[in-house]
Amino acid sequence: MMPFNDDALMILVWIAVAIMIDLIVGDPRSLPHPVVIIGRFISHYERLWNRGSPKQRRLSGVLLTVIVVGGVWGGSVLVLAILARLHPGLALIAELWLLSTTLAIKGLADAGRAIAVPLAKGDLPAARQALGMIVGRDTYGLDEAEITRGAVETVAENTVDGITAPLFFALIGGAPLALAYKAVNTLDSMVGYRNARYNEFGYASARLDDAANWLPARLTAFCLWLAGLLLSVFWGMRLHWRGALRGTLCDAPRHPSPNAGWPEAMVARLLGVQLGGTNYYEGVASCRATLGKPLESLRVDHIDATIRLMHGGWMLFILLSAVLMVGLGMIFPRLI
């Protein structure tokens with residue numbers, strides 16, 4: 001586990017360092033990424049085990065989920081323990097690096113800007129191509145509003161999966177638990193679909209991902225609202241923070257995901273735009289409930305506004321976590 005894990009302030013310091021590593025370095029392709037390794041393992045055993053009767057598929061999916069999540073957590077604990085025996089500094093360096101790999105702050109902001117830059121220049125083909133790198137929907141023929149919608153929805157939703165949820169679990173259990181969360185998230189993204197192939201095999205993965213994201217998604221929506229309030233008051237951004245909390249409570253349950261709707265609905269309300277609607281996947285229409293109200297037409301500068309909200313949201317998430325941990329540490333000094 002993380003050094004000084006009996007000291008909440010030191011835990012926050014290590015997490016802050018890991019955040020700085022992610023912001024500066026991101027995910028360099030020259031280094032092996034744990035999520036890529038996890039994904040290859042899942043892909044290999046999905047091909048081997050996703051067969052038989054529906055009951056067999058569901059049991060195989062449960063087994064894969066237990067093996068992957070438990071293996072990632074146990075393996076990382078073991079590696080850090082071995083490194084700590086060799087030298088405490090090695091364990092600290094390894095944990096900081098592992099923690100940074102669970103975060104996607106720089107990657108998510110860069111992906112949003114990669115869409116916004118050509119879109120602002122009127123280069124729709126380049127913007128569509130950049131959007132296609134981060135979404136599964138068809139991007140051919142999308143106009144500025146639809147490209148913007150795809151970018152805003154993706155940045156908003158992944159604020160939880162790629163930033164605040166890993167931070168949430170890192171605060172509880174260091175790099176091993178944050179990596180275990182990423183294993184859950186990777187399982188869901190690969191096999192947690194409701195279709196003929198994965199409906200049974202991915203059932204356990206999808207339900208575990210829903211449970212893991214339940215609290216972080218709602219805390220993130222609240223932190224996004226606080227960020228919107230502060231950006232409006234102190235930075236002069238035109239955000240519709242009044243009524244955004246109430247609107248999100250109404251909109252979020254309409255999303256097909258029990259968790260993704262919370263950050264998306266909050267961002268939609270803060271920007272004063274409407275998200276959701278119809279997407280196409282390999283030419284097949286998929287209709288979702290709309291989130292927010294179209295007080296403004298979707299345009300390219302909403303992508304930058306969403307990135308600012310994302311940064312403000314995770315910063316406030318850390319700040320509130322720090323206050324909570326320090327407060328609990330004062331009340332229950334033996335537990336924190």
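Reader: On a 1 Å grid over the protein atoms alone, a cavity is a set of points where a 1.4 Å probe fits but cannot get out. How many of 30 Å³ or more turn up in a search of the whole structure?

Author: Two cavities of that size turn up. Bear in mind that this is a predicted model, where local features need pLDDT of at least 70, side-chain atom pairs count only at pLDDT 80 or more, and totals for chains, interfaces and linings use all residues. Residues are numbered from 1 along each chain as its sequence is written, and side-chain values use heavy atoms, with hydrogens and water left out.

Reader: OK. How much space lies in the largest cavity?

Author: About 50 Å³. Volume here is the space filled by probe spheres set on the points, with grid points joined across faces, edges and corners.

Reader: And which residues line it?

Author: Arg149, Glu153, His255, Pro256, Glu264, Gly276, Asn279, Arg288 and Ala289 line the largest cavity. A lining residue has an atom within 4 Å of a point.

Reader: Switching to charges. How many salt bridges does a search of the whole structure find?

Author: It finds 14, each one a side-chain nitrogen of Lys or Arg within 4 Å of a carboxyl oxygen of Asp or Glu. One of them pairs glutamate 46 with arginine 197, at 2.9 Å from N to O.

Reader: Where do those two sit, and what does the pair tie together?

Author: Glutamate 46 is in helix α2 (residues 34–49) and arginine 197 is in the loop between α7 (144–191) and α8 (203–235), so the bridge links parts 151 residues apart in sequence. Helices (H or I, at least four residues) and strands (E, at least two) are DSSP runs numbered from the N terminus.

Reader: Are they buried or exposed?

Author: Glutamate 46 is buried at 6% relative accessible area, while arginine 197 is partly exposed at 45%. Buried means under 20%, exposed over 50% and partly exposed in between, using a 1.4 Å probe and protein chains only.

Reader: What about aspartate 110 and lysine 106, how far apart are they in the helix?

Author: Four residues, about one helical turn, within helix α5 (residues 105–120). Aspartate 110 is partly exposed at 35%, and lysine 106 is partly exposed at 27%.

Reader: Then where do glutamate 296 and arginine 238 lie?

Author: Glutamate 296 is in the loop between β2 (284–287) and α11 (301–331), and arginine 238 is in the loop between α8 and α9 (244–251), so this pair joins parts 58 residues apart in sequence. Their salt bridge is 3.9 Å, N to O. Glutamate 296 is buried at 12%, whereas arginine 238 is exposed at 68%.

Reader: Which residues do shared partners join into one network?

Author: Arg137, Glu146, Arg149 and Glu153. Arg149 and Glu153 are also among the residues lining the largest cavity.

Reader: Tell me about arginine 137. Where does it lie, and what does its side chain make a polar contact with?

Author: Arginine 137 lies in the loop between α6 (124–132) and α7, and is buried at 12%. Its side chain makes a polar contact with the asparagine 279 side chain at 3.4 Å. That term means a pair of N or O atoms within 3.5 Å; within protein, one must be able to donate a hydrogen and the other to accept it, and residues adjacent in sequence count only if both atoms are side-chain atoms.

Reader: Last one. What's up with phi at glutamate 282?

Author: Glutamate 282 has a positive phi of about 50 degrees, though it is not a glycine. Most residues other than glycine have a negative phi. Glutamate 282 lies in the loop between β1 (278–281) and β2 and is exposed at 79%.

Conventions: 1 Å grid on protein atoms, 1.4 Å probe; cavity = no way out; pocket = protein on both sides within 12 Å on 5 of 7 lines; lining within 4 Å.
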